Amino acid sequence: MKSYSIRKKRNVILGIALFACAIMSKGFVDALFVTDNANGVLNLLKYFFLIGASFAFYASNRNKKRLFSREFRTLMYFYLFVALISVFLIIWNGRFTFRTIKELCFILTPIIFAYYAINALNKDEILSMAKFSVVIYVVSYFIEIADRFSVSMAINAIKNFSLLGGQASFAYDYYETSHFPDPMMALFCYFCYYKENNRKWIWISYISILLMNKRLIILFATIILVLSYLPNWEKIASIKVNKKICMICVIIFAISPLAIIKLITSPFGIWFSNKTGLNMADFWMGRDNMVLYYLNHHFQSYGLGSTYDFSGFMLEIESVKMYLETTIVGSILLSISYWKITNCNFYSMLVMLYIFLNMNTSTSLTTGAFAWIYYLFLIGGINYGTTYIDNSSGLQS
C-alpha cells in the first residue's frame with residue numbers, strides 16, 4: 001500500500017511537471033516561433049507534453065472512482081459522432097485529409113487531460129498551476145510585443161476600444177495577439193469563481209485581456225468582473241437555471257450558423273446594417289469573405305478539418321465551420337453536448353454563452369486547447385463541489 005502511494009505521488013509530480021512544460025511551451029514557443037510558422041513542428045510540442053501529463057495523471061489514480069465522468073462521456077460521444085460522420089463523408093466524396101485526425105487531436109487532448117487531472121489534482125495544485133500559467137502567458141505576451149510596446153500606446157489602445165471592429169479600432173492596434181487571449185480568458189473566469197484570496201490574479205488577468213484586445217473577450221470579462229463584486233456573488237454563481245432557458249440556448253446556437261450564413265449572403269444583411277447602422281464589413285473583419293469563399297466555390301464536406309484543407313486557411317467562424325463540415329446534425333449535437341455539461345449552473349452557462357458567441361465570431365474548439373483546460377476545470381469544480389480534499393479524492397461530490 002505504501003509502495004502504491006509513493007508511485008501515485010511520483011506520477012502526480014510527473015504530471016504537474018509535464019503540465020508546466022506544456023504551459024511554458026504554449027507561452028514561449030508560441031510567442032517566439034509559432035507566429036511566423038503556425039504549421040511548424042514546434043507548434044505540436046505543447047500537445048505532446050499534455051498527452052504525457054494525461055498518462056501520468058491516469059497512472060496516479062487508476063483504481064479510484066472517476067469524477068467528471070458524465071461530462072467526459074458526453075463530449076467523447078459527440079466527437080465519436082464527428083469522427084463517424086467524417087468517415088461517412090470521406091467515403092461518400094472519395095477524399096481524405098490528415099487535417100481531420102489533426103483537428104480531432106487538437107480538440108480531444110484538453111478534454112482527456114482535464115478529465116484525468118481533475119481526478120488526480122487537488123484545488124490548491126490546480127490554483128497554483130493557474131497562477132503559474134498567468135505568469136507564463138503574461139511574460140510570453142510581452143516577449144511577443146516587446147519591440148512595439150509603450151505605456152502611453154497601451155493606455156491609448158484601451159481608451160479607443162471599440163466593439164464594432166474596423167481598421168481604426170482597438171482590434172487592429174499594435175498589441176493584438178492571437179495566442180494568449182483565449183487561455184487568459186479561461187483563467188480569468190476560473191479565478192472569478194475561486195475569487196477568495198485571488199483578487200490580484202483576477203486583476204492581472206483582466207488587465208492582460210484589455211491589452212490583448214479581443215472585443216468579445218473584453219466585453220464578457222468586464223461583465224463577469226462587475227458581477228464578481230456583487231454581494232453574495234458565491235450564491236449568485238451557484239444558482240440553478242431553469243432547464244427551459246438552457247434548452248433555448250441549445251436551440252439558438254444550434255441554428256446560429258444558418259443565421260450567420262443568411263446574414264452574410266442575403267439582402268437581410270444589408271437591411272440589418274441599414275437598420276442598426278452597423279458596418280458589417282468592420283464587424284466581420286473579413287470573416288464574411290471566408291464564408292463566401294466556400295459557398296462560391298461549392299464546397300462539399302469530406303469531414304472535420306476539410307474546410308482548412310479545401311482553402312488552405314482556417315474558417316474563423318467556428319460554428320459555420322462545424323456546420324459546413326459535419327452538417328446541421330453536427331451543429332445540433334455540438335450545442336446539446338456543450339450546454340449539457342453546464343448542468344444548468346448560472347456561472348457555467350454565462351461562461352458557455354461567451355464561448356458560443358465566440359464560436360460565432362471566431363474560433364475556440366480547434367485552436368483553444370489551453371483555454372479549454374481551465375474551462376473544464378471550472379465546470380468540473382462547479383458540478384462536483386467547490387472543495388477539493390486531497391490528491392486521493394479530487395473534487396468533493
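This report walks through side-chain contacts, surface features and loop residues in one structure. The model is predicted.

## Aromatic pairs

The count of aromatic pairs comes to 36. One of them joins Phe253 and Trp339. This pair is stacked, with 5.9 Å centre to centre and 20° between the planes. Phe253 lies in helix H11 (residues 243-265) and Trp339 in helix H16 (residues 318-340), so the pair ties together parts that are 86 residues apart in sequence. Phe253 is buried, and Trp339 is buried too.

Phe299 and Phe310 meet in another way. Their ring centres are 5.2 Å apart and their planes stand at 75°, so this pair is edge-to-face. Phe299 sits in the loop between helix H14 (287-296) and helix H15 (306-311). Phe299 is buried, with a relative accessible area of 11%. Phe310 is partly exposed, with a relative accessible area of 24%.

Aromatic residues also gather in a cluster. Its members include Phe19, Phe57, Phe113, Tyr190, Trp201, Trp233, Tyr347 and Phe377.

## Charges over rings

Two arginines lie over tyrosine rings. Arg99 lies over the face of Tyr308, at 3.9 Å from the ring centre. The charged end of Arg199 sits over the ring of Tyr229, 3.8 Å from its centre.

## Salt bridges

The whole structure holds 8 salt bridges. Here are three of them.

| Partners | N to O distance |
|---|---|
| Lys26 and Asp30 | 3.0 Å |
| Arg287 and Glu316 | 3.6 Å |
| Glu325 and Lys321 | 2.9 Å |

Where does the Lys26 and Asp30 pair sit? Both are in helix H1. Being 4 residues apart there, Lys26 and Asp30 are separated by about one helical turn. Lys26 is buried, and Asp30 is buried as well.

The bridge between Arg287 and Glu316 links distant parts of the chain. Arg287 is in helix H14, while Glu316 is in the loop between H15 and H16, 29 residues apart. Arg287 counts as buried at 13% relative accessibility. Glu316 counts as partly exposed at 30%.

Glu325 and Lys321 are 4 residues apart in helix H16, so about one helical turn separates them. Glu325 is buried, as is Lys321.

Helix H1 (2-34), helix H2 (45-60) and helix H5 (123-145) each give two or more residues to the patch. Which element gives the largest share? H2 does, with 4 residues. Val139 has its place in helix H5. At 39% relative accessibility, Val139 counts as partly exposed.

## Loop residues

Two asparagines have positive phi values. Phi of Asn197 is near 65°, a positive value in a residue other than glycine. Asn197 lies in the loop between helix H7 (181-193) and helix H8 (199-212). Is Asn197 buried or exposed? Asn197 counts as exposed, at 71% relative accessibility.

Asn343 has a positive phi of about 55°, although it is not a glycine. Asn343 is found in the loop between H16 and helix H17 (346-359). At 27% relative accessibility, Asn343 counts as partly exposed.

Ser266 is in the loop between H11 and helix H12 (267-276). Ser266 is buried, with a relative accessible area of 15%. Its side chain reaches the backbone oxygen of Lys262 at 2.6 Å.

## A buried helix residue

Ile217 is found in helix H9 (residues 215-228). Ile217 counts as buried, at 3% relative accessibility. Ile217 and Met184 are 33 residues apart in sequence. In space, the two are 9.6 Å apart, C-alpha to C-alpha.

How values were computed:
Residues numbered from 1 in each chain as written. Predicted model: local features only at pLDDT ≥ 70, side-chain atom pairs only at ≥ 80, totals over all residues. Heavy atoms only, no water. Phe/Tyr/Trp six-rings, centres within 6.5 Å; stacked < 30°, edge-to-face > 60°. Buried < 20%, exposed > 50% of the residue type's maximum accessible area, 1.4 Å probe, protein only. Lys NZ or Arg CZ within 6 Å of the ring centre and 35° of its normal. Polar contact = N/O pair within 3.5 Å; in protein donor to acceptor, adjacent residues only side chain to side chain. Salt bridge = Lys/Arg side-chain N within 4 Å of Asp/Glu carboxyl O.
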